[in-house]
Amino acid sequence: MRRSIQTVESLAQSSLLRSVRERLDTERLVADAIAIQQIPAPTFDEGRRAAYVAARFEDFGLQDVQ
């Protein structure tokens, strides 16, 4: 158990995670989460929501999004 705590602590202190936090646009993240949540998506009918997420991924340059 202690090893897991040490792993989490070392990850929290890592320069990689620090770099990610510095570049994270939290306002945009929250806006996207709200936009996704507001798209109607009844169970087994999430196509519009999925299309929105796929388009956002493609906006970031991801390819072959499915």
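A salt bridge here is a side-chain nitrogen of Lys or Arg within 4 Å of a carboxyl oxygen of Asp or Glu. By that rule, the structure holds 3 salt bridges.

Some ground rules before the details. This is a predicted model, where local features need pLDDT of at least 70 and side-chain atom pairs count only at pLDDT 80 or more, while totals for chains, interfaces and linings use all residues. Residues are numbered from 1 along each chain as its sequence is written, and side-chain values use heavy atoms, with hydrogens and water left out.

Two more conventions. Helices are DSSP runs of H or I with at least four residues, strands are runs of E with at least two, and numbering starts from the N terminus. For exposure, buried means under 20% relative accessible area, exposed means over 50%, and partly exposed is in between, with a 1.4 Å probe and protein chains only.

Now the salt bridges. Start in helix α3, residues 26–38. Arg-28 and Asp-32 pair there through their side chains, 2.5 Å from N to O. They sit 4 residues apart, so about one helical turn separates them. How exposed is Arg-28? Arg-28 is partly exposed, at 37% relative accessibility. Asp-32 is buried, at 13%.

Next, Arg-56 and Asp-59. Their closest N and O atoms are 3.3 Å apart, in another salt bridge. Both residues lie in helix α4, 3 residues apart, about one turn. Is Asp-59 buried or exposed? Asp-59 is exposed, at 56%.

Arg-28, Asp-32, Arg-56 and Asp-59 are linked in a network of salt bridges.

On to the pocket. Rolling a probe the size of a water molecule over the atoms shows where empty space is left. The method uses a 1 Å grid over the protein atoms alone. A pocket is an open set of points, with protein on both sides within 12 Å along at least five of seven lines; in a cavity, by contrast, a 1.4 Å probe fits but cannot get out. Lining residues have an atom within 4 Å of a point. Points are joined across faces, edges and corners, and the volume is the space filled by probe spheres set on them.

The largest pocket has about 270 Å³ of space. Its lining includes Arg-28, Asp-32 and Arg-56 from the network, along with Val-20, Arg-23, Leu-29 and Phe-57. Which elements give two or more residues to that lining? They are α2 (15–23), α3 and α4. Helix α3 gives the most, with 4 residues.

By class, the lining has 7 nonpolar, no polar and 5 charged residues. Nonpolar covers Ala, Val, Leu, Ile, Met, Phe, Trp, Tyr, Cys and Pro; charged covers Asp, Glu, Lys and Arg; the others, Gly among them, are polar.

Two of the lining residues, Phe-57 and Phe-60, also turn up on the surface. With Leu-62 they form a nonpolar patch of about 340 Å² accessible area together. Patch residues have over 30% relative accessible area and no salt bridge; like charges are joined within 9 Å, nonpolar side chains (Val, Leu, Ile, Met, Phe, Trp, Tyr) within 5 Å. Areas come from the Shrake-Rupley method with a 1.4 Å probe, and for residues only the protein chains shown count as cover. Phe-60 lies in the segment after α4. Phe-60 is exposed, at 62%.

Last, the backbone. Most residues other than glycine have a negative phi, and most peptide bonds are trans. Phe-44 has a positive phi of about 70°. Phe-44 is in the loop between α3 and α4, exposed at 80%. Asp-64 also has a positive phi, about 55°. Asp-64 lies in the segment after α4 and is exposed at 67%.

One distance to finish. Asp-64 and Arg-23 are 41 residues apart in sequence and 25 Å apart in space, C-alpha to C-alpha.
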